Amino acid sequence: MSEPLLSVRDLKTQFFTEDGTVRAVDGISFDVNEGEIVGLVGESGAGKSVATSSILRLVDSPGEIVGGEIEFKGETIFGLEEGDDGELRPRDEMLTEEEMRKRIRGREIAIIFQDPMESLNPVFTVGGQLREFIEINRDLGAQEAKEEAIDMLREVGIPAPESRYDEYPHQFSGGMRQRVLIAMALACQPDLIIADEPTTALDVTVEGEILEMVKELQEKYDTSFIWVTHDMSVVAEICDRVNVMYLGEIIEQAEVDDLFYDTKHPYTSALLDSMPRPDRTVDELRPIQGVMPEAIDPPSGCRFHSRCPEAREVCREVHPEPRDLSEAGEPPHTAACVKHDAFEVGYDESPAIETEATGGFSAGLTETGGEAE
Ligand SMILES: Nc1ncnc2c1ncn2[C@@H]1O[C@H](COP(=O)(O)OP(=O)(O)OP(=O)(O)O)[C@@H](O)[C@H]1O
Ligand code: NI
């Protein structure tokens, strides 16, 4: 196996607010290999966007990356070391802000946001913006950059790209704007594209078309992706491997089929049970009970225990680190849940506890369906 393209180790990003410290990303580790689409999935507030902006070192005050390491193609995007005075300081080899700006962001790691209007300027034509971006980032002349821009628009499925080149963003539909952003992301042929819920606002058919196109482009250009979503059906459609996030942590990590068919964490099961699937009837849909607690003061032990249908006393006490639970010779499949024998903390003997999930079940709300709101 070659080195991963991107490796994130024990990353911690916090926001220092008046109410306290928000542990938005609290010690996550994952890799992205060449040519892979890696999912980052979880409910709103799980820390997905903070994780991706940390990778680009785009966390704004009062937020700060406070620990961990981010390596990209053998270079250090983030890394601390202890100085002579015992204080932590950036490692010497850490890329400078200028290197991040000029070399990494947009060129080697591109990002696509949910709202295209955040990235497109309404007063300039779509083609003009794409051309300028290509001119600046690829040192091409205006004419060459224009040709390249039109090619890219064609590549992402914009019909009649020569004439649409001169149109303004508001003349494009939401799906077409998102395609333009994908063109912009691909324009510098980056090694990694981070897509932060780019299809969430679109209707399901348009979303499906865009996911299909991304898969084709991914194979053609061999670009790696981090695909952020809260939607397990998007994960099923596009991802090779998946990281499931809950309250700042990655609680399960597996290849996509293993995650769906050999689910090891109750939170992942809950996410899967709450999504419509072709192999289930609507009656079997169960919303996840309760709401995600605040990241300022996360629950003790396992952070999911307050909503977990399988929670026991021990889950309130022991904070599980992810462990690889795969069989020998199988690809890694990690989960952070003490119900698995590998954790050996006495889950089986520990008494069950009432949680938001068990309360819901004992009241018979989910059995009768529909009343669980
Ligand atoms: N600027 C900020 N100041 C304070 N807290 C913040 C800030 N930005 C994010 N957070 C907090 O960090 C946590 C993670 O937020 P993040 O945006 O990463 O969630 P997410 O998983 O991307 O959710 P969504 O699906 O809604 O986009 C949340 O508790 C959020 O309130
Ligand atoms: Ni987000």
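**A tour from the sheet to the ligand**

Start by selecting helix H10 (residues 266–273), which lies across strands E11 (241–246) and E12 and runs at about 100 degrees to E11. Helices (H or I, at least four residues) and strands (E, at least two) are DSSP runs numbered from the N terminus. Axes are lines fitted to C-alpha atoms, for helices over the stretch in contact, and angles run from 0 to 180 degrees between N-to-C directions. Residues count as in contact if their C-beta atoms, placed from the backbone, lie within 7 Å.

This is a predicted model, in which local features need pLDDT of at least 70 and side-chain atom pairs count only at pLDDT 80 or more, while totals for chains, interfaces and linings use all residues. Residues are numbered from 1 along each chain as its sequence is written, and chains are lettered from A and ligands numbered from 1 in the order in which they are written.

Next, select the open sheet of 8 strands, with mixed pairing and the order E8-E9-E10-E3-E11-E12-E14-E13. Strands E8 (109–112) and E13 (323–324) are at the edges with a single partner strand each, so one side of each has no neighbour in the sheet. Two strands pair if DSSP finds at least two bridges between them. Strand E12 (residues 249–255) and strand E14 (residues 334–335) run antiparallel, joined by 2 bridges; Gln253 stands opposite Thr334 in E14.

Glu71 has Thr76 in E5 as its bridge partner. There are 2 residues between the strands, and Lys73 takes a positive phi near 50 degrees.

Now show helices H6 (residues 174–187) and H7 (residues 204–221), which pack at about 15 degrees with axes 11 Å apart. They are therefore roughly parallel (angles under 35 degrees). On the H6 side, select Gly175, Gln178, Arg179, Ile182 and Leu186; these meet Val206, Ile210, Val214, Leu217 and Tyr221 in H7. The residues of this contact divide into 7 nonpolar, 2 polar and 1 charged. Ala, Val, Leu, Ile, Met, Phe, Trp, Tyr, Cys and Pro count as nonpolar, Asp, Glu, Lys and Arg as charged, and the others, Gly among them, as polar.

Finish at ligand 1. Of the 15 residues around ligand 1, Ala24, Ser44, Lys48, Ser49 and Val50 come nearest (near means a C-beta atom, placed from the backbone, within 6 Å). Strand E1 (6–17), strand E2 (20–32) and helix H1 (48–55) each supply at least two shell residues, and H1 gives the most, with 3. By class, the shell has 6 nonpolar, 8 polar and 1 charged residues.

Conventions. Contact = placed C-beta atoms within 7 Å. Parallel < 35°, antiparallel > 145°, perpendicular 65-115°, else oblique.
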